[in-house]
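I opened this structure for the first time today. These are my notes, in the order I looked things up.

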Amino acid sequence: MCPRLAGAMRLGPRPATLGLLLLCAAAAGAGEAEELHYPRGEHRADYDREALLGGEEEVDEYVKLTPEEQHKRLKSIIKKIDLDSDGFLTESELSSWIQMSFKHYAVQEAKQQFVEYDKNTDGSVSWDEYNIQMYDRVIDFDENTALDDAEEESFRQLHLKDKKRFEKANQDSDPGLNLEEFIAFEHPEEVDYMTEFVIQEALEEHDKNGDGFVSLEEFLGDYKRDPTANEDPEWILVEKDRFLNDYDKDADGRLDPQELLSWVVPNNQGIAQEEALHLIDEVDLNSDKRLSEAEIMESQDLFLTSEATDYGRQLHDEYFYHDEL
């Protein structure tokens, strides 16, 4: 459930402090990606294609290309992924390319949004313009006055946090955001100067005892086990496992600021590495842990159903297949 007005409805202990952008990204994190990739345990090849090409529309456009043009563009992409030009794609090269693809499309999306939000076309998005685009009106909550209705109060809190992120993204004296600042607002995970803000916002939300860390209890939020239940529900067991095995790297039972960052910010690196390993596992015919052009062309359909070409979308984006990338 990702619409901003529904942002306060939390599915498990997901962070609600980065605005709804990160809420939606976190809610569509590794667990849901795994379910999409392997529904009922069966590998779904079109998931890979969409990772490389973009989505159903892009896949349809790819199919319309002649075989010769498909091969030409795919070979061009392979050469760009091959950073050391040794004729083979390694896990590291595939992962780096996929991460670059994620960032490219995040930035492109933000650029398109910028044009929509900049109502007076002055090259800057003001807080009022942002509100008008999102809610069809300017919303102004009193920072010091809580609302009686619980749902309205949750929205007020999220709106105020969005405003804080908007202000943090603004690095100059102009009250509005230029394109670079707007990208930082929409995708703080892609901008270094927003990192500390992201961490502090998460601590304010989850560090209830103010010790600068997030314990397992704080991580799970308001969850209390039903006294009549013999064990925790499945989603709690999953979240506990993620806390212990994915986030708490030093196994001290709490998340420090850097560990917290891996929770609240979408882990594109982890997703990219997983997809790179999957591709090598599926396409590597001689088991040398790397992919040759011949192996990729032999398994072209699989490669074009993966994150490596954004599910084939890259074959329609000159940014990726053009020689001057």
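I started at Asn-170, which lies in the loop between α8 (150-169) and α9 (179-186). Helices here are DSSP runs of H or I with at least four residues, strands are runs of E with at least two, and both are numbered from the N terminus. The model is predicted, so local features need pLDDT of at least 70 and side-chain atom pairs count only at pLDDT 80 or more, while totals for chains, interfaces and linings use all residues. Residues are numbered from 1 along each chain as its sequence is written, and side-chain values use heavy atoms, with hydrogens and water left out.

Is Asn-170 buried or exposed? Its relative accessibility is 18%, so Asn-170 counts as buried. I noted the cut-offs: buried is under 20% relative accessible area, exposed is over 50%, and partly exposed is in between, with a 1.4 Å probe and protein chains only. The side chain of Asn-170 reaches the backbone oxygen of Asp-174 at 2.6 Å. I then set aside the neighbours within four places in sequence. Asn-170 is in contact (heavy atoms within 4.5 Å) with Pro-175, Gly-176, Leu-177 and Glu-181.

Next I stayed with α8. Arg-156 lies in this helix. Arg-156 is buried, with a relative accessible area of 4%. Not counting residues up to four places away in sequence, Arg-156 touches Phe-141, Asp-142, Glu-143, Asn-144, Thr-145, Ala-146 and Leu-147.

Then I turned to the rings. I found 15 aromatic pairs in the structure. Rings of Phe, Tyr and Trp (its six-membered ring) pair if their centres lie within 6.5 Å; planes under 30 degrees apart are stacked, over 60 edge-to-face, and the rest tilted. Why is the pair of Tyr-135 and Phe-155 edge-to-face? The ring centres are 5.5 Å apart and the planes are at 80°, so Tyr-135 and Phe-155 form an edge-to-face pair. Tyr-135 lies in helix α7 (residues 127-135) and Phe-155 in helix α8, so the pair ties together parts 20 residues apart in sequence. Both Tyr-135 and Phe-155 are buried.

I also traced a cluster. Ring pairs link Phe-114, Tyr-117, Trp-127, Tyr-130, Phe-166, Phe-182 and Phe-185. Arg-165 lies over the face of Phe-185, at 4.4 Å from the ring centre. Arg-290 lies over the face of Phe-88, at 3.6 Å from the ring centre. A charge sits over a ring if NZ of Lys or CZ of Arg is within 6 Å of the ring centre and within 35 degrees of the ring normal.

I checked two loop residues for phi. Thr-121 lies in the loop between α6 (91-117) and α7. Its phi is near 50°, a positive value in a residue other than glycine. Thr-121 is exposed, with a relative accessible area of 65%. Asp-136 lies in the loop between α7 and α8. Phi of Asp-136 is near 65°, again positive in a residue other than glycine. At 70% relative accessibility, Asp-136 counts as exposed.

My next stop was Glu-201, in helix α10 (residues 195-206). Glu-201 is buried, with a relative accessible area of 4%.

Last, I took the totals. The chain has 17 helices and 4 strands. Of its 325 residues, 46% count as buried.

Technical notes
Polar contact = N/O pair within 3.5 Å; in protein donor to acceptor, adjacent residues only side chain to side chain.
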